[in-house]
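Grab your viewer and work through each step.

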Amino acid sequence: EPQSETVWRQADRHKVPRIAFINKMDRVGADFDRVVGMIRSRLKANPIPVQIPIGAEDSFSGIVDLIDLTATIWEGDQSGAKFAVQEIPESLKIKAKLARDSMIERIADIDDQFAEIYLAGTEITKDELIGKNHNIIRHPDTPKENFELLWNTILDKKVYKSTVKNI
């Protein structure tokens with residue numbers, strides 16, 4: 001969107017850290033991967049998704065949190081008022097692992113301390129991902145083109161209230 005691009009340029013000019021929020025995942029044509037690609041190509045940015053959607057358009061039903069390694073599934077009607085945090089569905093475990101590995105690699109590319117942990121080959125913990133020295137939003141040395149990417153939908157009130165709990 002042109003307005004998003006204008007705001008992005010202003011944030012660049014003022015060296016403001018940022019977070020992106022992809023909404024309307026339940027609308028026709030919703031495509032998370034396409035939007036991530038557009039952010040990379042149009043804004044010359046390095047988005048680091050910390051969540052992936054479960055479904056899209058009319059099958060959009062929740063999120064996979066790549067930090068907590070949990071799924072949040074909306075229950076019942078379209079209001080999204082009720083949801084359950086549960087284990088990642090079997091059908092999404094491989095996709096979630098690949099997305100989490102990508103997230104960790106992107107963080108390691110921009111944070112030397114985190115890169116040392118990553119290269120040691122040990123399992124990366126939630127605390128290491130969101131610790132004060134490695135949080136890519138909070139870290140003062142994070143290059144401006146790197147930012148956390150969240151998605152969700154506002155339509156029909158399907159907003160996961162703790163979307164930004166790890167930031």
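**Exercise 1.** Work out how H3 and H4 are oriented to each other.

*Solution.* The numbers: the axes of H3 (residues 93-110) and H4 (residues 112-119) cross at roughly 130 degrees and come within 6 Å. Axes here are lines fitted to C-alpha atoms, for helices over the stretch in contact, with angles running from 0 to 180 degrees between N-to-C directions. Helices are DSSP runs (H or I, at least four residues), numbered from the N terminus.

A word on the model: it's predicted, so local features need pLDDT of at least 70, side-chain atom pairs count only at pLDDT 80 or more, and totals for chains, interfaces and linings use all residues. Residues are numbered from 1 along each chain as its sequence is written, and side-chain values use heavy atoms, leaving out hydrogens and water.

**Exercise 2.** Find which residues of H3 and H4 meet.

*Solution.* From H3, take Ile104, Glu105, Ile107, Ala108 and Ile110; their partners in H4 are Asp112, Phe114, Ala115 and Tyr118 (contact: heavy atoms within 4.5 Å).

**Exercise 3.** Which helix gives the most to the lining of the second largest pocket?

*Solution.* That's H3, with five residues.

Conventions
Helices (H or I, at least four residues) and strands (E, at least two) are DSSP runs, numbered from the N terminus. Angles under 35 degrees count as roughly parallel, over 145 as roughly antiparallel, 65 to 115 as roughly perpendicular and the rest as oblique.
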